[in-house]
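Good morning, and thank you for joining. I would like to present the ligand site of one protein model, and I ask you to keep the coordinates open while I speak.

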Amino acid sequence: MTKIIIAAKSDNNVIGKSNDLVWHMPADLKFFKSKTRGKLVIMGRKTFASIGNKPLPGRPTIIITRNPEFTAEECRVVNNIDKAFELAEQDGADEVYILGGAQIYEKTIGSADKMFITEIKSTFEGDAFFPEIDKNYWVEVSRETFEPDEKNKYPYAFVEYHRK
Ligand SMILES: NC(=O)c1ccc[n+]([C@@H]2O[C@H](COP(=O)([O-])OP(=O)(O)OC[C@H]3O[C@@H](n4cnc5c(N)ncnc54)[C@H](OP(=O)(O)O)[C@@H]3O)[C@@H](O)[C@H]2O)c1
């Protein structure tokens, strides 16, 4: 099973602030949807809260929390990250997408196989960060760059990394 991290980060590695995103980039949302549509996804309890405490349409969802009483409609809940991957394996999934946030990226970047990183080419203030991408372990295999346009205020790039 391929474990895939997907995230959007700024030049200073910000991914969020006050449990929300800090930019509005429809091109990234479209990219995110195209990659994750129909896929099994796992996310931390705070990211789940940030998307409105309901699963993203068409994406079977596993939520990670330390709270043994936490439940969420139409989602499975686990109390550690290994358990999330075990459930995904049991489902027979070929791929599982790791949707964050910061705590979950930090704990899975050491074992993920692939990453789709949207680089938002600006700096932002925030309180949630993507971990450093250590080039000893990750190789960039593709990069598509885009200029700002009417709907997307910042330059951006879709970058794919594979574990070396
Ligand atoms: N730009 C992006 O691509 C992107 C993507 C996703 C999220 N975000 C942003 O990231 C921020 C949220 O990130 P975050 O780091 O604060 O939260 P998070 O990683 O989404 O969730 C953290 C929660 O996950 C649970 N957890 C973490 N490690 C665990 C472990 N080892 N075992 C069991 N449960 C564990 C805990 O839940 P309990 O407290 O319930 O125990 C913890 O509070 C928001 O600002 C969001 O908008 C950005």
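Let me begin with the side chain of Thr47, in which an N or O atom lies 2.6 Å from an oxygen atom of the ligand. For such polar contacts, the criterion is a pair of N or O atoms within 3.5 Å. The backbone takes part as well: a polar backbone atom of Arg66 is 2.8 Å from a ligand oxygen, and a polar backbone atom of Ile64 is 3.5 Å from one.

The ligand on its own has 920 Å² of accessible area, and the protein covers 87% of this (Shrake-Rupley method, 1.4 Å probe).

A word on provenance. This is a predicted model, in which local features need pLDDT of at least 70 and side-chain atom pairs count only at pLDDT 80 or more, while totals for chains, interfaces and linings use all residues. Residues are numbered from 1 along each chain as its sequence is written, and side-chain values use heavy atoms, with hydrogens and water left out.

Which residues come nearest to the ligand? Of the 27 around it (a heavy atom within 4 Å), they are Ala8, Arg45, Thr47, Thr65 and Arg66. By class, this shell has ten nonpolar, eleven polar and six charged residues, with Gly counted as polar. Helix 4 gives the most, namely five residues; helices here are DSSP runs of H or I with at least four residues, and strands are runs of E with at least two.

I turn now to the space itself. The ligand takes up the largest pocket, where sitting in a pocket requires more than half of a molecule's atoms within 2 Å of its grid points. A pocket is an open set of points on a 1 Å grid over the protein atoms alone, where a 1.4 Å probe fits, with protein on both sides within 12 Å along at least five of seven lines; lining residues have an atom within 4 Å of a point.

Two backbone features remain. The peptide bond from Gly100 to Gly101 is cis, with omega near 0 degrees, and Gly101 belongs to the loop between strand 6 (95–98) and helix 4. Asn13, in the loop between strand 1 and strand 2, has a positive phi near 65 degrees. Most residues other than glycine have a negative phi, and most peptide bonds are trans.

Note on methods. Polar contact = N/O pair within 3.5 Å; in protein donor to acceptor, adjacent residues only side chain to side chain.
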